[in-house]
Amino acid sequence: MDLTYTEEEESFRAGLRDWLADVLPALPAGPAPDDWPGRRAYDTGWQRMLYDAGYGEVHWDAAPTLRLIFLEETEKAGAPYVGANFVGLLHAGPTIAAEGTPEQRARWLPPVLRGDEVWCQGFSEPDAGSDLASLRTRAWRDGDCYVVSGSKIWTSHAEVADWCELLVRTTPVSAEVPKHRGITWLALPMDAAGITVRPLRTLAGSTEFAEVILDEVRVPVANRVGAEDDGWRVSMVTLSFERGTAFVGEVVACRRLLGELAGEARANGRWDDAALRRRLGRLSAEFTALWRLTQWNVSEARRTGGVPGTGGSVFKLRYSHARQELYDAAADVLGPGALDLERPWTLERLSALSYTIAAGTSQIQRNIVAERVLGLPKGR
Amino acid sequence: MEGRFGRDALRAAVEAPALDRELWRALGDAGFFALCVPEDAGGVGLGLPEAVLAFEEAGRVLLPGPAVATFLAAGDVEGAAAGETVVTAVEGELVPWLEEADVVRGDTDGAVPVRSVDPLTPLHRVPDAPNTSHDPHDPHDPYTPHDPHAPRTSAHVASLLRAAEQLGSATRTCESAVEHARTREQFGGPVGRFQAVQHLCADMLVRAELARVAVYAAAVTGDRLAAAGARLLADDAAVRNARDCLQVHGGMGFTWESDVHLHLKRAWVRAGLGAGARQAEEDLAAAL
C-alpha cells in the first residue's frame, strides 16, 4: 500500500492550500438550501474561481492522485462543495472526457469547468430503478435527430440544468437483443421543446429532485456519446466514477464531523456516557479505514488506467451505512435537539437515508459483489 | 506458510495439541521471527508493512503458538529469532502457551490454567493483572492513554500483528464460505445462487477488505491510533466472518470436523488478548 506523495503532488497540495487560505475568507455565505437559482449561481461562481486560478481541469484531466488531493484539501478548508455542478463535474464530464469525440470534449467540457453550464442526470425511470437496464424511454431516428419520448425520475438539479446526460432505448429488447444492449447515451439540451420538469419533494423537504417528462423531444444525432446501442457500457464509466472517487470530499467531511460531535458532547455533558463515547471511537476507526480505502481505490485507478474498479462497490456498501450510523450517533449527541430541523445535523440525518438507495441499493450492490467479485452463480 | 502448516498439519495439531518445536525452528530458519530485526543484528531488516503480510498468512492457516510474542522478542531474547526459544507474554489478563514457552514476559504470579475454548491455544489467566491499558512487559512503559503522539510500544505492535492474523482469518473464512456456496447443491443447484446466501458472502468481503486497508495503512504509517482502529475492524471481521462462514456451511459448519469453528475460536481468543476493544475505542474517542 503506497501512501506517499511525490514532490510534485506535495507542491500541488501546498499551492492549493495557500490559494484557499487567500480566497475563502472573502467568499460570501451560500444561499438557502432550497434556493435553486441562487445555488446555481453560487456553485457555478465558485467553479469559475477555481477555473480562473488554474484548478478547473483537476476533475478529470489531472492524475487521480491530484484529484484526490484537490478534493481532500478543498473539503478540509471548508470550501463550497461541487453542489449544482455535481453531475457535470463528477458524472457527465468524466464520461464525455473518457468516451466523447474531440469535438464533443471541446463543446461540453470547458463550459462545465468554467461554471457556465450545469448538467443533470436522466438515468432512473419510474419503472427502472435498481434495474436500470430495463429503462423504456424510447428514441428513434428521424433524419439528423433522435426523437425521444418517456419519463425520467430522481433527476437532481433538473430545474436549473442546461444539459441532461440521458439514457434512452434505441433498440427494443428482443430474443436477440438483451436489455443491456440497445441503450444509447445522449446529451439533451434542457431548453428543447417537449420537456416538462416537475419538482419532487424529498422526505428532507428539499426539492433538488425532479421528474422529467419527454414528449417527442428532438436531440441531434451529434449529441450521442459512444456508439448507438452502446450506452450501457458508456454509462458504466460514469457509475464507476461515482462509486470510486465521487465521495472523497464527503469522507473528509465525515471525519471532521466526528470531531465536531465529540466537541458538542463534551460541551453538553453526553461525553460522560461511555457507550456513546465508544461508539464515536469505533466510527472514527470506520471512517479512517474508508478514507484509506478511497486512497487505495484511487491508486488502483492510477495503476489500471483511470477508471476505478470493484473496490468502489465495497466502498459504496460500507460508506452508505456508516454515514447513516454517523448521523444516528449525531442524534444521540444532540439528544432532544436532534428533533429540531434548525440543527444542521438533523437535516443531514434525513438526507443520509438516500445513500443506501441512490446509485444502486445496498441489496443490489451485494448482488454485484457476490456475482462479479466473488463469482457466485447468478442470483434468484 | 501453507506448505509448512497446511490443513493436514492443522488437523493433526487439533488432535494432539502441543507446541511443534520443529515447525517453530522452520519458521525461524525462514526468517519469520527476524523479519524486523535489523540486518546488522542478523535479521531480515524489513518493516511492519512486511511483517503484517507474514502474520496475515499465519492467521490464514491458524498457525498455533505464541508467534506475536516470539516475534517481538527476536533480537532481544537469545534464540527467539531462530525459533529455538519460544517466548510468550502476559497479554492483558491472559497468557497463551505459558507451560510450553521457554521465556515468559510479564508477571505471571498467581496464574491459573483455563480450559481454553480454542483447542490450539492453551491459556492461563492472571487474576490480578495490572491495569490492562498498560503494557506490562515494556520496561519503559511509555503508554500514556489519550496521547496519540506517544511512541510506539510493543503492545501497540502486538495489537497490530494480531489484527493482521485476524485479517488473514477473515479472508480465509470468506473464501471458504464462497467455495462452499459454489459447490454445495440444494433445491437443484448451488446454494450460492440464493441472494440470502450471496448477501452474507458480500458482507464478509466488505468486512475483510475494510479491515485490510486499516491494517495495511496502520503498518505503513506506524500510527498507534491507526493500529487501534485496525484492531477494532479486524477483530470484528474475523469474528463475524467466522460466524457467517459457519452459517453458510449449515450443519457441516457445526461439526468438529469442519475448520470453521477453529477460526471462530481463535478469533475470539485473539480479540480477548491485550488491552481489549474497550481501550481501543476509548483511545480513538479521546483523540477526537
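A:A359 sits in the loop between α10 (344-351) and α11 (362-373) of chain A. Its phi is positive, about 55°, although A:A359 is not a glycine. This is a predicted model, in which local features need pLDDT of at least 70, side-chain atom pairs count only at pLDDT 80 or more, and totals for chains, interfaces and linings use all residues. Residues are numbered from 1 along each chain as its sequence is written, chains are lettered from A and ligands numbered from 1 in the order in which they are written, and side-chain values use heavy atoms, with hydrogens and water left out.

**Loop residues with positive phi**
- A:A359 counts as partly exposed because its relative accessibility is 26%; buried means under 20%, exposed over 50% and partly exposed in between (1.4 Å probe, protein chains only).
- B:F187, also not a glycine, has a phi near 55°.
- B:F187 belongs to the loop between β6 (185-186) and β7 (189-190) of chain B, and at 72% relative accessibility B:F187 counts as exposed.
- Helices (H or I, at least four residues) and strands (E, at least two) are DSSP runs, numbered from the N terminus.

**Helix α4 of chain A**
- Twelve of the 14 residues of α4(A) are buried, among them A:A92 and A:P94.

**Domains of chain A**
- An automatic or database assignment sets the domain bounds, giving domain 1 (7-118), domain 2 (120-229) and domain 3 (247-373).
- The C-alpha centres of domain 2 and domain 3 of chain A are 31 Å apart.
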